Each structure stands twice: as structure tokens, then as C-alpha cells.
Amino acid sequence: MSLLKDFNQGIIAENPVLRLMIGLCPVLAVSNNATNALGMSAAVAFVLICSNWVVAMIRKITPDEIRIPIFIIVISTFVTISDYVMQAFTPELHHALGVFVPLIVVNCIILGRAEAFAYRNPVLNSILDGIGMSMGFALALVSIGVIREVLGAGSVFGIALFNPAVAATVMILPPGAFITIGILMAFLNKMENKVQ
Amino acid sequence: MGKILKLAFILAVFCIISAGSLAFVYMFTQPKIDLNRKIAYDLSVKEVLPQPGKAVSVSPRGYSGPINMLVGVDRLGKLIGIMILNQTETPGLGANVSRPIFLNQFIGKTDKDPIEPKIDIDAITGATISSRAVCSGVKQALEKAREAK
């Protein structure tokens, strides 16, 4: 029961972007089209699940005083691995995500989950928490990416839907990200009020 | 003192494990990464040089960073191909400089042409600086190609 809860709390109830409001920097930066959003979600999912797994595994031998530097070493190792693997096998995606891959190191979702969850829970629960949180992050990021790409560029996943000349360019610029995130948060709060 | 040494030792062990695993991944991916870069570069050179000539790479300063571009010039000094390799211009505005409708205007230009927005080039609406940057990059490339001859 608690395993299931650890898994699905990250998806909606504690959605990292729309409820906990952490990791907003990459969300704003790479959600201007759906393809980038999906690629970023995949990279973050890999790093988050692996770092939760390793942190939970080493939590008994990690001294309290130096846990943060150790988390950062674990996280940056996985980020660098995913950077190399993307460069080797999906160079186009790596080209599109550019500087944001190395920046996963400082994505507060990952350090936040290591500190708040994986350091205090067994391996299996931590992996499930990582999967759930990644799915919540992907859900938020891809929804924002799709909305912004449709309204701002008239296409979705690069497939043209209508003439981009009538699209609202502001949606693929930074203000569009803030507007979209705000509306989605309001929508989620409204839904929650209704449930209660 | 003993405590500090112990903590430093543990941290060092973690660093060594991390460095070791990175070296391992690097060993396997590096040849593939180099190959990808070479393929990508060769492909772009081929694209800007449909006929024999010289490919010149230039990086004029755009609105929010350098615009790395590759320009193909034939033996008579005429531009026969142009492509943007890398740019960080504003999406939806300046980033449109990599669209063919803008870039194709440069085909056939030589260093005797003005290559200026409003004179012989239609700039992109809302992206004067990016359009001008590409123009100056083209000029630079044509000059470089002439000097290299």
C-alpha cells in the first residue's frame, strides 16, 4: 500500500512542477515545443531514478555531515553519463536540448528527492518515488510544451497544424511559459477543491 | 581531526568510484561521438557545396550570442550554399533566420553585392539584429573566400 502511494503521489498530488513548484528553471526553458519537453523529461527521468536508487542504497554508509556533496557527486555522475549517451546515440536531441542537459545537475527536483525521500527510505520505495516523480514532471512538462507549441508555433511535435503566421509568438517566448504554468496550476487547484 | 580525515576519505572514495564509472562510459561513447560530429560536419559541407568550391565557417554576433554558420562559395566567388549550424536567437523571431525563405536570398551573391537589409535582402520582421548579423556573416565569408584564393 505504501509502495503504491510512494509511486503515485508524484504524479498529481505532489506533482513536482505544478504542486511542489520545484525545478521550474528547465520547465520554463525547454517547454517551448513538445519534442524538447519530451526529451528533457526522459533525461530527467533517467537521472532522477538512478540517483534515487543509488542514494537509497548508500544512505546507511553516508555520513550526515557530507551527504549533500555525496548526493551532488552521484547526481552529476549520472548527468554526465546521460550527456555522453545522448551525444553518442541521439545527437539531434542533444543538439536541441543544448545547455540544459548539464544543468540537470542543479535541477532541484533531483537533489530535493534525494534529500527528502531517498535518504530516508528503502531502495524499492525510492525507485518508485523516482518513477512517479519523473512521470509527474514529464506530464507537466509535455502538457506545457504541447500547449505552447500549438498556440505559439501552430504545430505539435513539429507537425504543422495551421499557418504559423496566425500563431501567438508570445507563447513560445518566456512569458508564454509563465502564463501556461499559472493556468495549469489554477486548473489543478480548482480540480482539487472540487474533489474535497 | 580524526573525524575530518574520515569524512575526507569517504568523500574521496565516492569521487574515485564516480571518476571510474565516467571513464568507463567515456571510453565506450567517445569514438561514436567523434564519428557523429564528423558525419554532421561533412553533411553540412556537402549541403552548402553542391558544386566544387570552398566552405567557410563564420560566427557573426547575433542578438543573444554567436550565430555559427557555414557558407559555400564557388570558384568565381559566388555564394552557392548557406546554412546555420548553431544559434541561440529568440525562438519565433530571430531563430527564423535559419529558415530557407530567408537564407535562399543570399544564393548567387558575390562580394560586390551590398548584402544589406532593405537594399537587396528582406530582413525578418521583429528580428533586425539577427538578420543584420547573418548579412555581416555572409559578407565576412565572401571576403575570406576571396582572400584564400
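In this predicted model, A:Met21 sits in the loop that links helix H1 (2–8) to helix H2 (24–30) of chain A. The backbone here has something worth a look: A:Met21 is not a glycine, yet its phi is positive, at about 55°. Most residues other than glycine have a negative phi. Is A:Met21 buried, exposed or partly exposed? A:Met21 is partly exposed, because 13 other C-beta atoms lie within 10 Å and the partly exposed class falls between 12 or fewer (exposed) and 20 or more (buried).

A:Phe157 is found in the loop between strand S1 (155–156) and strand S2 (159–160) of chain A. Its phi is near 50°, again a positive value in a residue other than glycine. A:Phe157 counts as partly exposed, because it has 13 C-beta neighbours inside 10 Å.

**Helix H4 of chain A and the contact with chain B**

Now let us turn to H4(A). This helix has 23 residues, and the distance from its first C-alpha to its last is 33 Å, close to the 33 Å expected at 1.5 Å a residue. Its buried residues include A:Ile70, A:Phe71, A:Val74, A:Phe78 and A:Met86, and also A:Thr77, A:Ser82 and A:Asp83. What do the buried residues of H4(A) pack against? Their partners are helix H3 (34–58), helix H5 (91–97) and helix H6 (108–116) of chain A, together with H1 of chain B.

That last partner leads us to the place where the chains meet. Chain A gives 20 residues to the contact and chain B gives 19 residues. On the side of chain A that touches chain B, helix H4 (67–89) and helix H7 (123–153) are the elements that give two or more residues. The largest share of this side, 10 residues, comes from H4(A). By type, the residues on this side of chain A divide into 13 nonpolar, 6 polar and 1 charged.

**The sheet of chain B**

Chain B holds an open sheet of 3 strands in the order S1-S2-S3, with antiparallel pairing. Strands of a sheet pair through backbone hydrogen bonds, either parallel or antiparallel. Which strands form the edges? They are strand S1 (53–58) and strand S3 (79–86) of chain B, each of which pairs on one side only. On average, neighbouring strands of the sheet are turned by 20° against each other, direction ignored.

Strand S2 (residues 68–74) of chain B and S3(B) run antiparallel and are joined by 6 bridges. Among the residues paired across these strands, B:Met69 has B:Ile84 in S3(B) as its bridge partner, while B:Gly72 stands opposite B:Gly81 in S3(B). The hairpin of S2(B) and S3(B) has 4 residues between the strands, and in this hairpin B:Gly77 takes a positive phi near 85°.

**Helices across the sheet**

| Helix | Lies across | Angle |
|---|---|---|
| H1(B), residues 2–48 | S1, S2 and S3 of chain B | about 150° to S3(B) |
| H3(B), residues 128–148 | S1, S2 and S3 of chain B | about 135° to S1(B) |

The buried residues of H3(B) include B:Ser130, B:Ala133, B:Val134, B:Gly137, B:Val138, B:Ala141, B:Leu142 and B:Ala145. An α-helix has 3.6 residues a turn, so residues three or four places apart point the same way. The buried residues of H3(B) pack against S1, S2 and S3 of chain B.

**The two domains of chain B**

Finally, chain B is divided into domain 1 (1–48) and domain 2 (51–148). How far apart are the C-alpha centres of these domains of chain B? They lie 35 Å apart. The contact takes 4 residues from domain 1 of chain B and 8 residues from domain 2 of chain B. On the side of domain 1 that touches domain 2 of chain B, the residues divide into 2 nonpolar, 1 polar and 1 charged.

Note on methods. Residues numbered from 1 in each chain as written. Chains lettered and ligands numbered in written order. Predicted model: local features only at pLDDT ≥ 70, side-chain atom pairs only at ≥ 80, totals over all residues. Contact = placed C-beta atoms within 7 Å. Nonpolar A, V, L, I, M, F, W, Y, C, P; charged D, E, K, R; others polar. Pairing = 2+ DSSP bridges. Axes fitted to C-alpha atoms, helices over the stretch in contact; angles between N-to-C directions. Domains from an automatic or database assignment. Expected span 1.5 Å × (residues − 1).
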